[in-house]
Amino acid sequence: MLKACGMMMRTIYSSACRYYTASRHACSSSAFCKRFSSAVHHEPEYDIVVVGGGIVGMATARELALKHPNLKFAVVEKENRLALHQSGHNSGVIHAGIYYKPGSLKAKLCVEGLHLAYKYLDEEGIPYKKCGKLIVAVNEKEVGRLLDLYDRAIHNGVPDVELIEGNEIKKYEPYCKGVKAIWSPHTGIVDWGLVTEHYGKNFRDAGGSIYLDFNVTDFQLVEKDQNGKDTDAEYPVRVISNEKAVRCKYVLTCGGLQADKLAKLSGCSEDPRIVPFRGEYLLLKPEKAHLVRGNIYPVPDPRFPFLGVHFTPRMNGDVWLGPNAIFALKREGYRWRDIDLHEMWESVTYRGFQKLALQYLGFGINEVIRSAFPRLQIATLQKYIPDISSSDITRGPAGVRAQAMNADGSLEDDFVFHRETGSSLGFRILHCRNAPSPGATSSLSIAKMIADKCKTEFLL
């Protein structure tokens, strides 16, 4: 019966998403996004160019276009479609704002972003599931940290959050066990890559231009206009991609995994440096998907830099287990065989990475071993759902986190913006160098913040 229900839900979801799948492919076509023609010699001109077609870049571009309809905007993206990396390789969770330090910008933007996200999804008709989340303490040692999390949730204004006893857990997750838990009913799931595509459509409908296959290789300040006149150019910044370019007054970069490289192009410091960490998921076999209804999360262990294994249902009915945290041998390295020797050398010779690696050497080695032998994660999974066995899991997808890191080995946990005001070029470029998790949930609230910052910095 449960298996049949699961198959029916997958069929319903697939039918509901046919239109949206078509719209995603449309964003890679010439009907939606622009590509340069070799016959075009005049470089397009804009008030602001946004570099990066991920969820933060597209949300911000959309917000700018809606707030300033009389200005011209463009987005340039190095891949052949939007949301190809972090925005399209994530757990798909709509977070409620529990984990973040009270009073922090992350907490404020997440709670605000939660409400904005659901409103937007409803307006656009984008499928989502408000399946809730349990944060489970599996022993008495974790209860103290769980209570601290609950206090954070209350201070952060997380809606309708509850602290429940162990015997109440099965009301929400029949196969889960624990001694105490936090229940967050407004945590949900969605396809954030699909949401990014909708941001892109909104942006284009508002008059914006999107250029795909535009890998930014340089920023250049020009003194002449395109007619060769020696007057102050109205659009003095050239954003260059090999043999093509666009011109603009100002630039906003939202580069994700390439954020530090883009900053360096305009004369900024490389710090904080982006170090890639791959998160590998396991898949629960379809016949066991009924074991998980909603999101099941652990109580964070302060000894380790990452959250740890959790259970995440997906919009198509899959259940993801994980992720781990593995140093990626390439910035966009989703598999062990994805290697870029230059990028790997840049990371391993970085003083900050070396300090972090030494500090968490044991943790890192264990993550690598569990990556090689996924069944070693079963014991951890069984702490929450005892009915899971090694025969119930297979290898799943992976994502790469753009982890901003400082030279002292500390992980940058908040938003970082940089503008090199001491140079004529850097003065015109605002870099969003770190938009930490939950960047997708907070994307609309982040967009409002960055749009306001652009208005102030660029005197729009």
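## Cysteines, cores and aromatic pairs

Cys-248 is buried, with a relative accessible area of 0%, where buried stands for under 20% relative accessible area, exposed for over 50% and partly exposed for the range in between, calculated with a 1.4 Å probe on protein chains only. This is a predicted model in which local features need a pLDDT of at least 70 and side-chain atom pairs count only at pLDDT 80 or more, while totals for chains, interfaces and linings use all residues. Residues are numbered from 1 along each chain as its sequence is written, and side-chain values rest on heavy atoms, with hydrogens and water left out.

The predictor's confidence in each residue, pLDDT, runs from 0 to 100, and the chain averages 90, with 91% of the residues scoring at least 70. Residues 1–31 stay under 50, and the model gives them 35 contacts beyond four places in sequence, a contact being heavy atoms within 4.5 Å. Where pLDDT is low, the predicted coordinates should not be read in detail.

The cysteines can be taken next. A search of the whole structure finds 0 disulfides, a disulfide being a pair of cysteine sulfur atoms within 2.5 Å. For Cys-131, the closest cysteine sulfur belongs to Cys-176 and lies 14 Å away, which is too far for a bond. Cys-248 is likewise in no disulfide, and the nearest cysteine sulfur, that of Cys-454, is 12 Å from its own.

The interior is described here through nonpolar cores, which are sets of buried Ala, Val, Leu, Ile, Met, Phe, Trp, Tyr and Cys residues joined through side-chain atoms within 4.5 Å. The largest core has 61 residues, and the members that touch the most others are Met-58, Ile-98, Ile-135, Trp-192, Val-195, Tyr-199 and Phe-203. Helix α4 (residues 105–124) supplies the largest share of this core, 9 residues; helices (H or I, at least four residues) and strands (E, at least two) are DSSP runs numbered from the N terminus. Apart from this core lies another, of 24 residues, among them Leu-134, Cys-176, Val-319 and Leu-381. Leaving out residues up to four places away in sequence, Phe-203 has among its contacts Met-58, Ala-61, Phe-73, Val-75 and Ile-210.

The structure also holds 12 aromatic pairs, in which the rings of Phe, Tyr and Trp (its six-membered ring) have centres within 6.5 Å, with planes under 30 degrees apart called stacked, over 60 edge-to-face and the rest tilted. Tyr-250 and Phe-458 have ring centres 4.3 Å apart and planes at 15°, so this pair is stacked. The pair links distant parts of the chain, since Tyr-250 belongs to strand β12 (residues 244–253) and Phe-458 to helix α13 (residues 443–458), 208 residues apart. Both partners are buried, Tyr-250 at a relative accessible area of 16% and Phe-458 at 2%. Tyr-281 and Trp-320 make a tilted pair, with 4.7 Å from centre to centre and 50° between the planes. Tyr-281 lies in strand β13 (residues 273–284) and Trp-320 in strand β16 (residues 319–322), so the pair ties together parts that are 39 residues apart in sequence, and both residues are buried. Phe-277, Phe-306, Phe-327 and Phe-353, in turn, form one aromatic cluster.

Two tyrosine rings have a lysine over the face: Lys-130 lies over Tyr-118, at 4.3 Å from the ring centre, and Lys-133 lies over Tyr-297, at 4.3 Å from the ring centre. A charge sits over a ring if NZ of Lys or CZ of Arg is within 6 Å of the ring centre and within 35 degrees of the ring normal.

Several loops deserve a look at the backbone. A cis peptide bond with an omega of about 0° joins Asp-271 and Pro-272, and Pro-272 is found in the loop between α8 (259–265) and β13. A cis peptide bond also joins Ser-437 and Pro-438, with an omega of about 10°, and Pro-438 lies in the loop between β20 (429–434) and α13. Ala-83, although not a glycine, has a positive phi of about 55°; Ala-83 sits in the loop between β2 (73–76) and β3 (93–94) and is buried at 3% relative accessible area. Asp-213, also not a glycine, has a positive phi of about 55°, but this residue lies in the loop between β9 (209–211) and β10 (218–221) and is partly exposed, at 33%.

Leu-84 is found in the loop between β2 and β3 and is buried, with a relative accessible area of 19%. Beyond its neighbours within four places in sequence, Leu-84 is in contact with Glu-79, His-89 and Tyr-334, and its C-alpha atom is separated by 7.8 Å from that of Gly-193, 109 residues apart along the chain.
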